[in-house]
Amino acid sequence: MITFKVNNLKAMSSQIALFADFLKSCDISDEDVFLSRLVSCELISNVIRHSGEEAQFEGELMPDKISITVTARSQSFIELNPSAPDVLSESGRGLYIINAVSMNGIERGDGGKLTVCIKRTR
């Protein structure tokens, strides 16, 4: 498992690169690394942009999936986006993409948690 905090969008890229390096060191496929980076970037940037808060990140490698959890300090953040938009929405395409590449869409949890699982291809 890898954890980190991101408080601005400039710092996000280098932190996500650490997660990608962790996945690569565990012999995860390039496709799964790409999808993990994509989901991580979308979740973290949504927390920072829409809540104005620091994002707490957790990435966990499991036998059949990669679990990505991003948490905002306030519970109200996850209530701002109660449903994911469709592909033609003016905003929220990132949430649409996340739902398209994940196993079960975005799972909203207590304490401002957003979790996405990506099925491992190998």
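In this predicted model, helix 2 and helix 4 meet through a defined set of residues. Sorted by class, the contact between the two helices comprises 8 nonpolar, 2 polar and 1 charged residues.

Two packed helices are described by the angle between their axes and the distance between those axes. For helix 2 and helix 4, the angle is about 145° and the axes lie 10 Å apart. The crossing of helix 2 past helix 4 is left-handed.

Helix 4 spans residues 93-101, and its residues Gly94, Leu95 and Ile98 are buried. Viewed down the axis of helix 4, the buried residues fall within an arc of 100°, so they line one face of the helix. An α-helix has 3.6 residues a turn, so residues three or four places apart point the same way. The elements that cover the buried residues of helix 4 include helix 2, residues 30-51, and strand 5, residues 113-119.

A separate topic is the aromatic rings. A pair of such rings is described by the distance of the centres and the angle of the planes. The model holds 2 aromatic pairs, which are set out below.

| Pair | Centre to centre | Angle between planes | Arrangement |
|---|---|---|---|
| Phe4 and Phe57 | 4.4 Å | 15° | stacked |
| Phe19 and Phe57 | 5.0 Å | 65° | edge-to-face |

Phe4, Phe19 and Phe57 form one aromatic cluster.

Two loop residues complete the account. Asp27 is located in the loop between helix 1 and helix 2. The phi angle of Asp27 is near 60°, a positive value in a residue other than glycine. Is Asp27 buried or exposed? With a relative accessibility of 52%, Asp27 counts as exposed, because the value is over 50%.

Met103 is found in the loop between helix 4 and strand 4, the latter covering residues 107-109. Its relative accessible area is 34%, so Met103 is partly exposed. Which residues does Met103 contact, leaving aside its neighbours within four places in sequence? They are Lys65, Cys117, Ile118 and Lys119. Met103 and Arg120 are 17 residues apart along the chain, and their C-alpha atoms are separated by 9.9 Å.

Terms used:
Residues are numbered from 1 along each chain as its sequence is written. This is a predicted model: local features need pLDDT of at least 70, side-chain atom pairs count only at pLDDT 80 or more; totals for chains, interfaces and linings use all residues. Side-chain values use heavy atoms; hydrogens and water are left out. Rings of Phe, Tyr and Trp (its six-membered ring) pair if their centres lie within 6.5 Å; planes under 30 degrees apart count as stacked, over 60 as edge-to-face and the rest as tilted. Buried means under 20% relative accessible area, exposed over 50%, partly exposed in between (1.4 Å probe, protein chains only). Helices (H or I, at least four residues) and strands (E, at least two) are DSSP runs, numbered from the N terminus. The arc is that of the directions from the helix axis to the C-beta atoms. Contact means heavy atoms within 4.5 Å. Axes are lines fitted to C-alpha atoms, for helices over the stretch in contact, and angles run from 0 to 180 degrees between N-to-C directions. A crossing is left-handed if the near helix is turned anticlockwise from the far one by less than a right angle, and right-handed if clockwise. Ala, Val, Leu, Ile, Met, Phe, Trp, Tyr, Cys and Pro count as nonpolar, Asp, Glu, Lys and Arg as charged, and the others, Gly among them, as polar.
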